[in-house]
Amino acid sequence: MQKSDIIMYTVKEIQHIFKCSLSQAYGIVNANGFPSIKVGGKILVEKMALENWLDKSRGKQIKL
């Protein structure tokens, strides 16, 4: 994978992916173990990290 191939999602995009409210999206990205990073004041989630997290979290309840 090249650096240019890395795709990052914003909280607003996470909201659309999970089909939830913006406040719920913030709860998700701030949940313990969720693969988000903060760059300045912006919260970002790498696409591949999200996919891996979803695979290992399948069937589990996520506490927000």
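Biologist: What share of the 64 residues of the protein chain counts as buried?
Modeller: Bear in mind that this is a predicted model, where local features need pLDDT of at least 70, side-chain atom pairs count only at pLDDT 80 or more, and totals for chains, interfaces and linings use all residues. Residues are numbered from 1 along each chain as its sequence is written, and side-chain values use heavy atoms, with hydrogens and water left out. Buried means under 20% relative accessible area, exposed over 50%, and partly exposed in between, with a 1.4 Å probe and protein chains only. On that scale, the buried share of the protein chain is 25%.

Biologist: Which pattern does the protein chain follow along the sequence?
Modeller: Helices (H or I, at least four residues) and strands (E, at least two) are DSSP runs, numbered from the N terminus. The protein chain has 3 helices and 3 strands. Read in order, they give β-α-α-β-β-α.

Biologist: What radius of gyration does the protein chain have?
Modeller: It's taken over C-alpha atoms, and the globule rule is 2.2 Å times the number of residues to the power 0.38. With 64 residues, a compact globule would come out near 11 Å, and the protein chain agrees with that, at 12 Å.

Biologist: Which elements do the buried residues of α2 pack against?
Modeller: Helix α2 spans residues 22–29, and its buried residues are A25, I28 and V29. They sit on the same side of α2, because they cover an arc of only 90° around the axis; the arc is that of the directions from the helix axis to the C-beta atoms. In general, an α-helix has 3.6 residues a turn, so residues three or four places apart point the same way. Counting contact as heavy atoms within 4.5 Å, the packing partners of α2's buried residues are α1 (11–18), β2 (36–39) and β3 (42–46).

Biologist: And which elements do the buried residues of α3 pack against?
Modeller: In α3, the buried ones are L50, W53 and S57. Their arc is only 65° around the axis, so they are on the same side of α3. They pack against β1 (8–10), α1 and β3.

Biologist: Is G59 buried or exposed?
Modeller: G59 lies in the segment after α3 (47–57), and takes a positive phi of about 85° there. With a relative accessibility of 83%, G59 counts as exposed.

Biologist: How far apart in space are G59 and Q24, C-alpha to C-alpha?
Modeller: Along the sequence, G59 and Q24 are 35 residues apart. In space, their C-alpha to C-alpha distance is 19 Å.
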